[in-house]
Structure formats: C-alpha cells, structure tokens
Amino acid sequence: MNAPLSDHSGGALHDDQPSPDALPRLLTIEQLADHLGSTPRHVRRLVAERRVPYLKVGRFVRFDPVEIATWLDDQRRGHRRVG
C-alpha cells in the first residue's frame, strides 16, 4: 500500500507523482538561442508565431528540453533513416 509522503508545505506527496528532482530543467530564451546557434530575437519570433513549443511560467517564457528535442527532430528536411 502506498502511504502518502509528507512534503514541507503540509500537503502529501504520493509515490506516483514525480519528485521535484525529476522535473525537467527548463530553458530560457537566451539558453535556447545559444543551443540553436541563433539570437534571442529569433527565438522570440518563433514563440510569437507559435512555431516552437514553449511554456508560460507567469510572465516568463520557458522551454522543455525534451519537447525542444522532439521539435528539432520534426524540423529535419530530407531523407530520414528508418529502422
């Protein structure tokens, strides 16, 4: 039987919920621009045009590295290797 674990806010954490350590480290606009070899301005334009997956955390725009990797793979042109 899974007993809830206590967190520091008085709530309960369950075994099936990800721990805070397991959450992805989100990227900023500047970090994504650096990763893409682009400029922050270009990344902001991709966001404005909804051409890149992003998250809004309050007023901040952030990017999940796993979603970005999938998005980059989907952007490939030409022949894909199958198998």
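Mentor: The largest nonpolar core has twelve residues in all: Leu-27, Ile-29, Leu-32, Ala-33, Val-43, Leu-46, Val-47, Val-52, Val-61, Phe-63, Ile-68 and Trp-71. Such a core is a set of buried Ala, Val, Leu, Ile, Met, Phe, Trp, Tyr and Cys residues joined through side-chain atoms within 4.5 Å. Helix 1, helix 2 and helix 3 each give two or more residues to this core. The model is predicted: local features need pLDDT of at least 70, side-chain atom pairs count only at pLDDT 80 or more, and totals for chains, interfaces and linings use all residues. Residues are numbered from 1 along each chain as its sequence is written, and side-chain values use heavy atoms, with hydrogens and water left out.

Take helix 2, residues 40-48. Helices are DSSP runs (H or I, at least four residues) and strands likewise (E, at least two), numbered from the N terminus. Val-43, Leu-46 and Val-47 are the buried residues of helix 2. Buried means under 20% relative accessible area, exposed over 50%, partly exposed in between (1.4 Å probe, protein chains only). On the other side of helix 2, Arg-41 and Ala-48 are exposed. The buried residues of helix 2 pack against helix 1 (29-36), strand 4 (60-62) and helix 3 (65-74). Contact here means heavy atoms within 4.5 Å.

Now helix 1. Its buried residues are Ile-29, Leu-32 and Ala-33. Helix 2, strand 4 and helix 3 are among what covers them. Asp-34 and His-35 are exposed on the face turned away.

Finally, Ile-68. Leaving aside neighbours within four places in sequence, Ile-68 contacts Leu-32, Val-52, Pro-53 and Phe-63.
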